[in-house]
Amino acid sequence: MHPLFGILGGAALTLAACLGTGRAAWRRAPHWTLQLAAGAALLGTALFALLVLRWAHPAVIVPLCLSASAPLFSVFRNRAKPRAPEWIALPVAAYGVYYLAHALAPEIQPDAAGYHLGLVADWARQGGMTARTGFYDLLPLGLETLFYPAFLIGGHSAAKLVHFGFFAATVPLVAWIGRTLGADSRAAFCAGGLYFLTPVAGISGTSAYNDAAAAFFPLAAFGILLSAAQDRRLYFLSLIH
């Protein structure tokens, strides 16, 4: 099998498992990026438990991710998508292809190869976390646990693509938050697009870091709170009327 298929397959399976888990847990989410965020947290917790128990073997991890992806095959409603302005949509698409090429390349960032993926590679050799407690073992490993399934299938580049997936998902998330807050849909998409076009964000988002994900998940948490506040407001308005 060509290595590219393993890279794409490992990243796609991990992201699909995150989205499928989120969809199973939250079927009526106001936006699919919130399902992705919620599913990533749930899947990451399950993977963390398997890693601690040292049961994180490919024969366990791959079927887990496949089963977690199953809800994506259920029927869902097609929703109208807001039109993005071409002057920002075209550069975003062009940069997306450019970023994807870099995300597919071998990891060259020292921190990413040194400990973000160094720990993941060690887990893959041991079948889980070891009893060693070093400096990097004490850092939050929320995203590294999601790198693990992709790494088992496609290696370093597959893990990079998982991070890139969260980076790319930030654009529609920002656009949805903007529309929810009452901004024009074109202006809301421009906000997400300008973030995506920022050079430092592109470097981080195409590497096996956690910085782009550290922007995606707080925004998703804000979106969840925003949605809950709106639902509560609509509930009280229905009681009044």
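Helix α2 spans residues 32-53 and has 22 residues. Its reach from first C-alpha to last is 32 Å, close to the 32 Å expected at 1.5 Å a residue. The expected span is 1.5 Å times one less than the number of residues. Helices (H or I, at least four residues) are DSSP runs, numbered from the N terminus.

The model is predicted: local features need pLDDT of at least 70, side-chain atom pairs count only at pLDDT 80 or more, and totals for chains, interfaces and linings use all residues. Residues are numbered from 1 along each chain as its sequence is written, and side-chain values use heavy atoms, with hydrogens and water left out.

The buried residues of α2 include Leu36, Leu43, Leu47 and Leu50. Gly39, Ala40 and Gly44 are also among them. Buried means under 20% relative accessible area, exposed over 50%, and partly exposed in between (1.4 Å probe, protein chains only). Arg54 follows α2 and has a positive phi, near 65 degrees.

The structure holds 12 aromatic pairs. Rings of Phe, Tyr and Trp (its six-membered ring) pair if their centres lie within 6.5 Å; planes under 30 degrees apart count as stacked, over 60 as edge-to-face and the rest as tilted. Tyr99 and Phe196 form an edge-to-face pair, 5.0 Å centre to centre with 70 degrees between the planes. Tyr99 lies in α4 (residues 86-104) and Phe196 in α8 (residues 185-197), so the pair ties together parts 97 residues apart in sequence. Both Tyr99 and Phe196 are buried.

Phe216 and Phe217 also pair edge-to-face, at 5.1 Å centre to centre and 80 degrees between the planes. Phe216 counts as buried because its relative accessibility is 0%. Phe217, at 26%, counts as partly exposed.

Methods:
Helix = DSSP H or I, 4+ residues; strand = E, 2+ residues; numbered from the N terminus.
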